[in-house]
Every structure is written in structure tokens, then in C-alpha cells.
Amino acid sequence: MSTRRDFLKIASMGPLVVPRLEFGRKRVRLSEGDVILFQGDSITDARRKKDDKEANSSPALGVSYPFFAAGELLYRGAGKDLKVYNRGISGNKVYQLAERWDADCLDLKPTVLSILVGVNDFWHTLVNGYKGTVQTYRDDYKKLLDRTKTALPSVKLIIGEPYAVKGVKAVDEKWYPAFPEYQQAAREIAEEYGAAFIPYQAVYDEAMKSAPGGYWTADGVHPTLAGAKLMAEAWMKVVSFLLVLILGVGMVKAQDGVHYSGATISNVDYHHGELAPVVGVHNIQVFRANREHPELAEDSGWTYNHAPMLAYWNRKFYLEYLSDKVGESIPPGQTLLLTSDDGYVWTKPKVLFPPYRVPDGTTKEGHPGVAKDLFAVMHQRMGFYVSKKGRLLALGFYGICLDPHDDPNDGKGIGRVVREIRADGSWGPIYFIHYNPAWTVANTSFPYYASSKDKGFVADCNELMATPLMMMQWVEETDRKDPLIPLHKDYKAFNFYHLPDGRVVGLWKNALTSISKDEGKTWSSVGRAPHFVNANAKIWGQKTSDGRYAVVYNPSEFRWPLAISTSKDGLDYTNLLLVEGEISTARYGGAYKNYGPQYTRGIIEGNGVAPGGNMWITYSMNKEDIWVGEIPVPVVAVADRDVDDVFDRLPAGKELQYWNVYSPLWAPVRIGKDAHGARCLVLKDEDPYDLAMAERVFPVARKMQVEFDVTPAQADHGQLQIELQSERNLPAMRLSFEPDGNLIAKAGARVKNVMKYSAGQTYVVRISLDMDTRMYTVNVNGKQQFTQLFFAPVPAFGHIVFRTGEARHYPTAESPAEAREDMKGAGDKVAAAEFFISYLKTSK
């Protein structure tokens, strides 16, 4: 019983606020018209009037946490047509929820479903003779959620943790240690089904620092008035992120602009952000910097390579990127171009815009420096333009940096250059298409475009400069008062896409966004897209071939991971999935060489459509190497059937359609042939600082079997690691073909020697996995080798990874912002290692 002293203690502290506990990363974002249903047992029921079936009715909501939460929601969401129901029934266990689920859940068609159940599933084993176990609870709960997701695939789930306040009446030592297993089951189920999770036990434990358990619960389970309010505040924490959108306070209303309404956020402690991968993404390295052997790169050996741009024209991919010798904006600079017929095999880069000599004596207003033996640096936000008559123009910008801290895109550079890329592969001459103040044809080295005798070329350049959406890409580099620029603000790295009603969505760095109704001539106010996480890195957006929309960006304050979010209408983005979660070793140090896959760009409207309907992007890795990515459309992150990939039986050219591939130039992933001439998956690695990786997503499961074969071409060098991972990339078990000829398994902090392996020998591996027991069994060539515990717990399994090297964890959020040192032997290959895989199968 609480005392006057307890009350005075609480009063002296002021209002109790739900503490900053671990609520998980999931949040539920409410939308206008949402139907919110509370389900559970007596904690939820709380003497509600059961013959009152109306939404938002006080008697129908009872006197527990649903009443307080509903009041807050309806108060804050006035005019948003929210409907709140309570259908909790005292004494219910999970199977009893299931018995009434059609009438009390599915028929109401909730868009948000909150479930708190589990206390009775345990308590009644003590007092009512109930024979259920924690496994019964787990199985019944999952069947209920499977049934719910089938009927209501878009429902947003909230799962409350069953709790008990120890030492208060009904809750005694008999509850322990069994009851916490039910709590752990609820947490794991929430993770498996992508539900927001409310840690009610921790909420009550923290609250008891302010008042004893009897103040918060009447019997250790059923909340008092104060406990009900405490639970409601905890419940509101999982929906609080969207309250500003419901209210529209201080922001553009969600439906009027780009915003993120999904519940997933990225965890920067992992390179993959703990994001579920998009099925079938192929990341392909197209250029590997090499200072030691420039003939293997672009012949110049420059190691700062960044800001790639992409176009598809005349049945070819065209990619240009800028390059400096060592670090960002440290002269000299140049721009290079490479091409590909299929996006996978690329030509060697050639210099498109060469280093440009800045006249001695050049100065910049506001800067004390004077140019002497100085070259310009390249800095362009626009790479290509396909004219209405079908010409391909390539563009670049020559900026000036008088010292290492000077800014090349301050509007005080020299100007923008252009040249035509011809259908026969030849290039036209270089012209200046636009000068910055103080520069003219009289003091520059290339002619002015208007002097070209090719009138069609001149007309196409004029067409380009008469297109506001093209000119918006010239912001930063061009003079801030330039009349060609529609929006005179220092918003960086513009790109755009059209909505079905003709409006144009504009995107900039930092997830800034705006909308134009007149093809970019004027714009609404520019502001951060609500709930997008993006720092000073590019964000790419486009309409996809399935009529939806996608944005690709780094959803953190760092340059990792590379993620994609999709939208039905081009405004409301609802998910966050992984595109690229690897960070290769930065081999060469240099100024501002940030880590990670970054500065992504795709094919802007008008610059071609790649065949096949998939989405193509390009990005730099560590501002050193250049990559492209093919993202399947539609964008999905789940597999709808078990894997049965026998590569020699799959359609030629489609063998890796559902595989995710990370394929550096010196560690390629490809379809080749084994010693018998059959098609197989080949992982080859001769890169001292990178690796080949192939992964396959399968239906999420807690119990399953996996079977594959591996034929190592060698047994004295090279490595192949095989991991079974959760849906969000966390590994639970690992086998490894080691460079010393041993097959080993990770066993906690140690390793277990399994067997010796030989070069050229095929090893058929069968693995049986059971997350409920946390055990797995490995069978090789028909012989059981061992059974042991997973080295880490995961909610369930979601994919398998084959990788020719160790998992990488550097950089971290605490690492230096950029690469500072050169790696030894960065430009030299090591002895090639190859591994052949002819099939992969999974089953439940």
C-alpha cells in the first residue's frame, strides 16, 4: 500500500515521464483515418462496456491504458478521423484471442493493432491448471500474427511485453525464472514480425524508483490509475514520432510534400545499418584506383575519384566522374568517362575534360591567394544532357582552389565546359558553355560554344540553358546571381522527378525538398523532408518502371549504409531497405576522403532508360573507387518461396536474378563453369583489401535446413566464409574454408576445427538450424560433423552469405572522418583464390 510519504516523494519530483528505455528501433507512424485497435486480457479490458461497440467511446475503452492513450491520440489528432477501439477480454490467453479474432479484430479492419497478452498464459499454469508452455505461447502467438498479416497485410503492429511487479500480492517467487521466458518470447516475436515493442517490465521497474510496486499495480499485474497512465505514456512513445505530422505544427503537411512515414531507422553501428536487403541488388565495381600500377586503372594513378554521373544513350551506359591526384579539391583535377554495353563490363576510363591551367596572377574576391603554376579542379553537379534531337552532351566545371581550404564551388570558378559524345564513340571538341564573372573567351583556353560551326550542337546547348530543371543543377558552381538559375539559394546537388499531376519534386543534400508547378521556374519553400535522416551527402530520387518512386541515400550522419526508400505517390515514403552495406578498405589517404558508398546518382529524366526496367545507380566508395548498382524493380525485401538454385538448370543470364552481389574488379562474382563444364557460381578473389560476396534471401524461418556445395580451387590460400544471418544481417553461425586447408566453425569467441579440406574436392554441406533451441547441426558429404550452439542469438534466419574474407567492422562511428594513410601494396594483386558453388537449396 502506498503511503502519504510515498505521495509526497512523488509530488516533490514533479510529473513522472516514461524514462529513456530501450524501445527498439521500430515506431508506428499514424496517418489520417487510421483505425487503432487495442487487444489483450484484463489489463486491456479494464471493465470496458462490452455492449458498446462504437469507436472513441469512453465506456467502451475501459479505465486502463487504452483509455488514456486514446484520449491523447484524439486530442492531438483532432480532425484526422482517428478511430480507436478496445477489444481486450479479462482472463484471455493467446488461443482465446484467436477464438474471437474474426469478430474482435479482422472485421474491424484495424490499420494499427496493439496487443498485450501473455500474463495469463503463464499465471494460469500456477492457479488454473492450464497446461500451456512458453512454446505454446510462442506458437499460438505466431499463428495469430500470421493469420492477421494474411488478412491485413498492411497492418502496423505494436506488441506489449507481458510484465509482473515482483512482491506485490499475486506475484511471488513462483513466477521466476519461468515468466521472463514469456517476456523474451514476446520480444523475439515483435522483432520477427516487424512490430514496435513496448518494454513494459522495464517501464515498471524504472517507475518503482519513484514509488513502490503497490502504487503502480493493485496485485502485481493489474495497473492502478497511476499505472494505467504510466503504460499509456509508454504506448505513446512508439507513435510519438508522427504526432507533428498529425498536428501539422511547424511543418508542411505530410500529404503536401516529401516525407518518410516508415518505422525503420538505420543503425550506424553496422555498415549495413541493420536494414533488410533489397532482393537481387548487384553492386559492381567499375573502376579501382591504382597509384602503383596506373596502367591497370586510368593511366594517371590518381586516387581521389568521386561524384559519378550516369546516362543511358545509344544502347550504352555512360559514366563520368571527377578525379584529383590525392585529395578533394587539391589541384590538378580532371574528369573521366567510361562506357558499358550491359552495366557489368566497362571500358577503361579515358580523360573527358583534362587538367586546365589557371592563368598566373588569378585572384578571387575575398581570398588573399594569387595563382602561380596552378591548375583548376573539376566540380560538377551535372554530367549529361540528351537533347530533344537526340544528341548526348557531357558537361564539367572548372573551379579554382587557391589553397587546400578554398572552395571550388563558391561561384568564383572559371566556368562550365561541354563536348558532344557521338554515336560512333568519338568526342567533339571542348567548349565553354557558360562563364563565371571575370572570365570570357579572351582569357580562357577553350572556345565559346557559340563559335562552333555545328549549328545543331549550338542549338542543343541553347536548349539546355533554356531548361530550368537543368539549370537548377548548376547551383553552387555558377555565380549566385546568375539569371539562368531559377532558385538563388545555396542548396546543393539538385535532382528531380515528376509526379502524375505534372508537379516536379526537387531534392537536395540534407534531404531538402520542394515542389514546382511550372517545370522548375518557381518553387515552394524549401525545407527538410520530415523524418528523412540525411546529412551532407547526395540523395537520389526517381520514378521507377512499376509506376512507383524511389530515393537512394545514406540514412545517417555518415556515408553508410546506402539505402532505398519507396513510395506509391512520390511523396509518402514508407520503408527503408539496404542497397549496399559493405565498406571496402580505403587504400589511399587523402583530404576529405570520407568512408562508405556515397554521392549516389541515377539516370535523370531525359537521359535515357536502361533496358529491363530495373533501376541503375552509380556511387563512389570511400571517394576512391567507382561503382554501379542494379536494383530490381519492383523493390522487394522478402522471398516468397524456398531456394532451389541449381545454376546449371536456371535460365542462362538469369542465374543470379535473386542473388545479391558485391563484385569488385579484383574479386568478381560471376557465373562460370566447373571442372565438368556445368554452370556454377564462382567467387574469385585476388584483391588484398577487398572481397567477393554473394548472398541469397529466403523466407524468414526459425527452423530450417540449408544445403549447398563448395569446391575450393586451392587449399593453401584464400578464404570462404559462409554465414546464416537474420533478416537484418546479423549472423548466428559461420563456417569458414580457411587459408591453411581447415574447415572451421565459429564457436562463441573461439573456433571449432571441423575437418581438413582439399583443393578440387567438392564438399556437400547440409545444415539444420533451430533457433528455439539455439542449436545447429553440420553434415559434410553425408557425415555428421558436429552440433553446437549459435554464436549469437537472432530472432530468425533470413539469408545466407558467401564471402571471400572476414566481416568488416571498420570504420565505426568513432573512427576518424576520413582515410589518412596509404595501405601497403594497395595496387598489387595477391594470389587468386576461387570457390565454385553449383547449387543452394533451403527448406522448412
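How many salt bridges does the count come to? The count comes to 46 salt bridges. The structure is a predicted model.

- Strands of a sheet pair through backbone hydrogen bonds, and the pairing is either parallel or antiparallel.
- Strand E1 (residues 35–40) and strand E2 run parallel and are joined by four bridges.
- Leu 37 has Tyr 85 in E2 as its bridge partner.

**The largest cavity**

- The largest cavity holds about 110 Å³ of space.
- Its lining consists of 15 residues, and those closest to the centre are Met 309, Gly 383, Gln 473, Ile 604 and Asn 607.
- Strand E8 (304–313) and strand E28 (597–602) each supply at least two residues of this lining.
- Sorted by class, the lining of the largest cavity has eight nonpolar, five polar and two charged residues.

**The second largest cavity**

- The volume of the second largest cavity is about 50 Å³.
- Among the residues that line the second largest cavity are Trp 474, Val 475, Glu 476, Asp 479, Arg 480 and Lys 489.
- The lining of the second largest cavity has four nonpolar, two polar and four charged residues.

**Salt bridge between Arg 357 and Asp 373**

- The side chains of Arg 357 and Asp 373 meet in a salt bridge, with 2.9 Å from N to O.
- Arg 357 is in strand E12 (residues 357–358), and Asp 373 is in the loop between E12 and strand E13 (374–375). The two residues are 16 residues apart, and the pair links distant parts of the chain.
- Arg 357 has a relative accessible area of 41%, so Arg 357 is partly exposed.
- Asp 373 counts as exposed because its relative accessibility is 51%, and exposed means over 50%.

**Salt bridge between Lys 593 and Glu 624**

- Lys 593 and Glu 624 form a salt bridge in which the closest N and O atoms are 2.5 Å apart.
- Lys 593 lies in the loop between strand E27 (577–580) and E28, while Glu 624 lies in the loop between strand E29 (615–621) and strand E30 (625–631). The pair therefore ties together parts that are 31 residues apart in sequence.
- Are Lys 593 and Glu 624 buried or exposed? Both Lys 593 and Glu 624 are buried.

- A salt bridge joins the side chains of Asp 642 and Lys 844, at 3.2 Å from N to O.
- Asp 642 lies in the loop between E30 and strand E31 (644–646), and Lys 844 lies in the segment after strand E46 (839–843). This pair therefore ties together parts that are 202 residues apart in sequence.
- Asp 642 has a relative accessibility of 28% and so counts as partly exposed.

Definitions and conventions: Residues numbered from 1 in each chain as written. Predicted model: local features only at pLDDT ≥ 70, side-chain atom pairs only at ≥ 80, totals over all residues. Heavy atoms only, no water. Pairing = 2+ DSSP bridges. 1 Å grid on protein atoms, 1.4 Å probe; cavity = no way out; pocket = protein on both sides within 12 Å on 5 of 7 lines; lining within 4 Å. Points joined across faces, edges and corners; volume = space filled by probe spheres on them. Nonpolar A, V, L, I, M, F, W, Y, C, P; charged D, E, K, R; others polar. Salt bridge = Lys/Arg side-chain N within 4 Å of Asp/Glu carboxyl O. Buried < 20%, exposed > 50% of the residue type's maximum accessible area, 1.4 Å probe, protein only.
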